[in-house]
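This briefing is meant for a reader who is meeting the structure for the first time. A few lead sentences come after the display, followed by points grouped by topic.

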Amino acid sequence: MIDQKRLLRRTTELAQIGGSGAAVSRLGLSADEQRARDLVGTWLSAKGAQVRRDAAANLFARFGGEGEAILVGSHLDSVPEGGRFDGALGVLCAVEALESLVDAEVRLRRPVEVVAWADEEGARFGVGLFGSAASFGRLAPGVADRRDRDGVSIAEALRALGERGDPAAARRDPAELAAYLELHIEQGPRLDGAGLPLGIVSDIVGIYHARVTIRGRADHAGATVMTARADALAAASEMVLAVERIARGRADSVGTVGEIAVRPGAKNVVPGEAVFSLDLRAARDHDGLVREVLDGVTSVASSRGVTATIDELARVPVTSLDPKIREVLKRATKSVGVEAPELVSGAGHDAQNPALSGVRTGMIFVRSTGGSHTPREFASVEDAALGAQALANAIRELAS
Ligand code: HGY
Ligand code: MN
Ligand code: MN
């Protein structure tokens with residue numbers, strides 16, 4: 001039986017790590033994320049799991065012996081000033097599901113592993129889905145040298161956690177896995193609008209992340225006439241508006257510039273350099289969206305006499321989830337009394353990496369309100385418990 005009180009208590013307990021009240025800032029590969037893994041690890045080892053951490057700081061807790069495992073989990077890191085449910089609820093419900101199966105002494109024919117992925121958000125180093133990409137051998141080359149704002153590299157952050165510093169060593173064989181399941185809050189308004197507590201993910205959007213560096217010419221803000229400028233920030237601003245215009249003009253597409261930095265950054269200096277982030281997503285023709293935006297950046301750069309350098313951080317294609325697993329999840333959600341609709345996920349998820357590596361993958365969405373990547377995000381413990389029960393039923397079907 002799913003223990004709602006325990007689920008609520010643990011949600012609150014986990015939110016205290018790197019958080020205060022509703023807001024959570026538990027960045028990937030940080031000491032706080034490690035403390036969260038330690039807490040989850042104690043719950044799982046107390047239930048008899050063999051708990052381990054891999055070279056990319058992912059936590060795995062295995063129930064049962066040898067053989068192809070069912071992997072179930074989500075991530076424990078957050079964005080800065082994020083909410084307490086994004087990622088964490090998927091781990092908490094996976095723990096709940098396993099605890100309920102162990103308590104009910106359900107005989108599992110397959111081993112089951114709970115996973116807490118490291119650094120899914122990529123908020124510190126810019127590389128999203130980091131832990132699951134490392135586990136499935138899908139990291140771009142040179143990722144370990146990527147540095148955060150303080151100049152700390154991923155390799156150094158891993159060594160500070162006690163790892164050797166090479167995330168590629170985390171790679172495991174996808175053939176070891178019979179399926180991957182992930183429960184996650186929807187982070188959008190559709191389930192709430194339909195008055196439904198659970199959904200099933202059909203596809204996950206394609207995601208492109210990059211860092212764009214615009215180089216113009218720093219100059220005196222007073223002595224430099226307007227026609228003699230190569231203003232990097234003005235050029236970047238025109239590009240940001242182009243991202244918005246292009247994404248608005250394409251079906252099922254979104255484009256976001258969430259970060260921008262200016263150098264030298266003084267009120268009386270024409271900006272010589274601007275660096276901004278690109279987050280481009282689409283459920284269809286994702287490559288077309290990326291191409292149109294990058295062409296837009298290049299044409300603004302040449303019309304303004306500045307240079308634009310694109311540093312690609314991650315590119316994940318539109319990912320369809322496994323039809324058979326979706327059927328299993330349909331039965332599992334129905335068994336808790338929910339006719340769960342199928343939804344496309346506008347958010348990216350670790351599930352994309354197992355799915356793109358040939359592992360049969362499925363996701364359950366739990367209704368959430370208040371948006372996401374903000375302390376306003378909310379999911380009720382009643383909906384979460386329904387999701388955890390559905391997850392337990394799906395694991396039971398797949399593993400017995
Ligand atoms: O950005 C995303 O879609 C996810 O929350 N990392
Ligand atoms: Mn997120
Ligand atoms: Mn997430």
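In this predicted model, helix α7 runs over residues 232-248, and its 17 residues should span 24 Å at 1.5 Å a residue, which agrees with the 24 Å that separates its end C-alpha atoms. Two manganese ions, ligand 2 and ligand 3, lie 3.4 Å apart and are bridged by Asp86. The points below take the helix and then the metal sites.

**Helix α7**

- At the start of α7, Asp231 places a side-chain oxygen within 2.9 Å of the backbone nitrogen of Leu233.
- The buried residues of α7 are Ala232, Ala235, Ala236, Met239, Ala242, Val243, Ile246 and Ala247; because they cover an arc of only 120 degrees around the axis, they lie on the same side of α7.
- An α-helix has 3.6 residues a turn, so residues three or four places apart point the same way.
- The buried residues of α7 pack against the strands β9 (206-215), β11 (253-256), β12 (260-263) and β14 (273-282), and also against the helix α8 (286-304).
- On the face of α7 that is turned away from its buried side, the exposed residues are Leu241, Arg245 and Arg248.

**The manganese ion of ligand 2**

- The protein donors of this ion are Asp86 through OD, Glu121 through OE and His373 through NE2, and they lie 2.1 Å from the metal.
- Along the chain, the donors of ligand 2 follow the spacing D-x34-E-x251-H.
- Distant parts of the chain are linked here, since Asp86 sits in the loop between β5 (69-75) and α3 (88-103), while His373 sits in the loop between β18 (361-366) and α11 (381-399), 287 residues apart.
- Asp86 counts as buried because its relative accessibility is 6%, under the 20% limit, whereas His373, with a relative accessible area of 41%, is partly exposed.

**The manganese ion of ligand 3**

- For this ion the protein donors are His75 (NE2), Asp86 (OD) and His184 (NE2), at 2.1 to 2.3 Å from the metal.
- The donor residues of ligand 3 are spaced H-x10-D-x97-H in sequence.
- Asp86, in the loop between β5 and α3, is paired here with His184, which belongs to strand β7 (residues 177-185), and the pair links distant parts of the chain, 98 residues apart.
- His184 has a relative accessible area of 1% and is therefore buried.

How values were computed. Residues numbered from 1 in each chain as written. Chains lettered and ligands numbered in written order. Predicted model: local features only at pLDDT ≥ 70, side-chain atom pairs only at ≥ 80, totals over all residues. Heavy atoms only, no water. Donors = N, O, S within 2.8 Å, 3.2 Å for Na, K, Ca; no water. Helix = DSSP H or I, 4+ residues; strand = E, 2+ residues; numbered from the N terminus. Buried < 20%, exposed > 50% of the residue type's maximum accessible area, 1.4 Å probe, protein only. Expected span 1.5 Å × (residues − 1). Arc of directions from axis to C-beta. Contact = heavy atoms within 4.5 Å. Polar contact = N/O pair within 3.5 Å; in protein donor to acceptor, adjacent residues only side chain to side chain.
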